[in-house]
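This report describes a protein model through its strands, loops and aromatic rings. The sequence and structure are shown first.

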Amino acid sequence: FRLQNKKGVKVSLQVYNRYGGLVYSNADYRNDWGGISEDGKTTPDGTYFSVIKTGDGQTYRKALTIVR
């Protein structure tokens, strides 16, 4: 999961499953999430929801789909 960070600001990422359960969280995201949950398991294919917060106060909420 890659984010373009042209401003160089700190970015946090949280990913939730379709039931609202937190799957992944990183307060200083650096494009290093490969679909692995916090407990080290590969996330199943499906739709997830991300919350991206930037150090300059922006918040983005997006759906993402994992298909392997």
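## Basis of the description

Strands (E, at least two residues) and helices (H or I, at least four) are DSSP runs, numbered from the N terminus. The model is predicted: local features need pLDDT of at least 70, side-chain atom pairs count only at pLDDT 80 or more, and totals for chains, interfaces and linings use all residues. Residues are numbered from 1 along each chain as its sequence is written, and side-chain values use heavy atoms, with hydrogens and water left out.

## The sheet

Four strands make up an open sheet with antiparallel pairing, in the order S2-S1-S3-S4; two strands count as paired if DSSP finds at least two bridges between them. S2 and strand S4 (59–66) are the edge strands, each having a single partner strand, so one side of each lacks a neighbour in the sheet. On average, neighbouring strands of this sheet are turned by 20° against each other, direction ignored. The axes behind this angle are lines fitted to C-alpha atoms, for helices over the stretch in contact, and angles run from 0 to 180 degrees between N-to-C directions.

Six bridges join S1 and strand S3 (residues 46–54) in the antiparallel sense. Phenylalanine 49 in S3 is the bridge partner of tyrosine 16.

## Two loop residues

Tyrosine 19 lies in the loop between strand S1 (11–16) and strand S2 (22–26). With a relative accessible area of 68%, tyrosine 19 is exposed; exposed means over 50%, buried under 20%, and partly exposed in between (1.4 Å probe, protein chains only). Its side chain makes a polar contact of 3.1 Å with the side chain of arginine 18. Such a contact is a pair of N or O atoms within 3.5 Å; within protein, one must be able to donate a hydrogen and the other to accept it, and residues adjacent in sequence count only if both atoms are side-chain atoms.

Glycine 57 is located in the loop between S3 and S4. Its relative accessibility of 64% makes glycine 57 exposed. Between the C-alpha atoms of glycine 57 and asparagine 17, which are 40 residues apart along the chain, the separation is 24 Å.

## Aromatic rings

The structure contains two aromatic pairs. The ring centres of tyrosine 24 and tyrosine 29 are 6.4 Å apart and the planes stand at 80°, so this pair is edge-to-face. Rings of Phe, Tyr and Trp (its six-membered ring) pair if their centres lie within 6.5 Å; planes under 30 degrees apart are stacked, over 60 edge-to-face, and the rest tilted. Both tyrosine 24 and tyrosine 29 are buried. Together with Trp33, Tyr24 and Tyr29 form one aromatic cluster.
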